[in-house]
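Dear colleague,

I am handing over a structure for your attention, with the sequence and the coordinates placed directly below. A summary of the findings follows.

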Amino acid sequence: MISKLSLPLILAALILNGCTRQTSETPRQITVAAASDLGPAFEELGREFEKQSGTKVVFSFGSTGMLTRQISNGAPMDVFASANVSFVDDLEKQGLIIPDTRALYARGRITLWTTNDAAFKPAQISDLSRPEVERVAIANPDHAPYGTAAKQALETAGIWEAVKGKLIYGDNVRQTLQFAQTGNVEVAIVALSLSLGSDGRWVLVPEELHKPLDQALAVLKSTQHEQEARRFALFINSPPGRTIMRKYGFTLPGETGQD
């Protein structure tokens with residue numbers, strides 16, 4: 001027989017047990033390490049994925065090289081989306097990704113970006129060597145794929161030597177754009193995906209001037225939420241995901257002969 005004194009304790013235990021069960025069923029949260037060029041696109045992807053799945057996506061944006069280093073050093077991430085497939089390949093060699101989740105998801109482009117009221121607006125990359133342009137920002141090519149592409153384009157155009165003294169390096173392509181937006185440089189070479197949503201003027205750089213910016217992703221072997229991470233990785237390449245990626249100027253796998 002249950003005494004009046006023990007009844008409140010039993011009820012409290014039942015409530016606590018119900019709360020614990022509800023918490024265990026609460027949709028999980030995943031963390032995605034993503035290249036800086038993906039900011040606008042992935043933020044929209046994350047919102048849409050949460051609506052459809054109930055899983056919240058938290059992003060850590062940065063240069064691909066820096067994110068790769070963090071993951072190699074044990075940073076707790078679930079998915080890695082790089083701006084160049086070679087960085088995912090590097091992590092695969094280290095045994096840090098789930099191999100069957102590795103996939104191309106986009107090809108990026110670079111632009112010459114200036115403010116709308118800029119005194120000089122370049123029409124082509126060779127214009128960066130003109131004396132009117134005193135400072136040019138690119139992402140650091142040592143660890144940012146969009147910076148590498150910018151350097152390659154300047155070299156292929158034959159103006160690297162004329163321009164390298166003008167260069168200001170951003171930690172990532174997003175910071176590079178900010179340098180131009182705030183007037184610290186006249187021109188920035190940045191991602192098309194960031195240019196499209198910006199309040200400024202931009203001109204596409206011919207993609208023949210640099211190696212393809214083929215972007216790849218993978219689920220990390222250290223993830224504690226593999227099912228949800230896999231679902232998000234697949235969502236990026238799903239029809240709704242591809243629609244969002246295309247909206248931000250990315251060329252998609254299958255549209256350019258990518259794997």
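The largest pocket in this predicted model has a volume of about 180 Å³. Its lining is made up of 14 residues. Those that lie nearest the centre of the pocket are A75, P76, M77, S222 and T223. By class, the lining of this pocket divides into six nonpolar, six polar and two charged residues.

Rolling a probe the size of a water molecule over the atoms shows where empty space is left. The count comes to one cavity of 30 Å³ or more, and the volume of the largest cavity is about 60 Å³. Several parts of the sequence contribute to the lining of the largest cavity: A35, S36 and D37, then G62, S63 and T64, then A83, then A144, P145 and Y146, and finally N172 and V173. Six nonpolar residues, five polar residues and one charged residue make up this lining.

The remaining findings concern a pair of helices. Helix α2 spans residues 39-53 and helix α10 spans residues 239-247. The two helices pack with their axes 9 Å apart, at an angle of about 155°. Angles over 145 degrees count as roughly antiparallel, and α2 and α10 are therefore roughly antiparallel to each other. Their crossing is right-handed.

On the side of α2, the residues that take part in the contact are A41, F42, E44, L45 and E48. They meet G241, I244, M245 and K247 in α10. Sorted by class, the contact between α2 and α10 has five nonpolar residues, one polar residue and three charged residues.

With kind regards

Terms used
Residues are numbered from 1 along each chain as its sequence is written. This is a predicted model: local features need pLDDT of at least 70, side-chain atom pairs count only at pLDDT 80 or more; totals for chains, interfaces and linings use all residues. Side-chain values use heavy atoms; hydrogens and water are left out. Axes are lines fitted to C-alpha atoms, for helices over the stretch in contact, and angles run from 0 to 180 degrees between N-to-C directions. Helices (H or I, at least four residues) and strands (E, at least two) are DSSP runs, numbered from the N terminus. Angles under 35 degrees count as roughly parallel, over 145 as roughly antiparallel, 65 to 115 as roughly perpendicular and the rest as oblique. A crossing is left-handed if the near helix is turned anticlockwise from the far one by less than a right angle, and right-handed if clockwise. Contact means heavy atoms within 4.5 Å. Ala, Val, Leu, Ile, Met, Phe, Trp, Tyr, Cys and Pro count as nonpolar, Asp, Glu, Lys and Arg as charged, and the others, Gly among them, as polar. On a 1 Å grid over the protein atoms alone, a cavity is a set of points where a 1.4 Å probe fits but cannot get out, and a pocket is an open set with protein on both sides within 12 Å along at least five of seven lines; lining residues have an atom within 4 Å of a point. Grid points are joined across faces, edges and corners, and a volume is the space filled by probe spheres set on the points.
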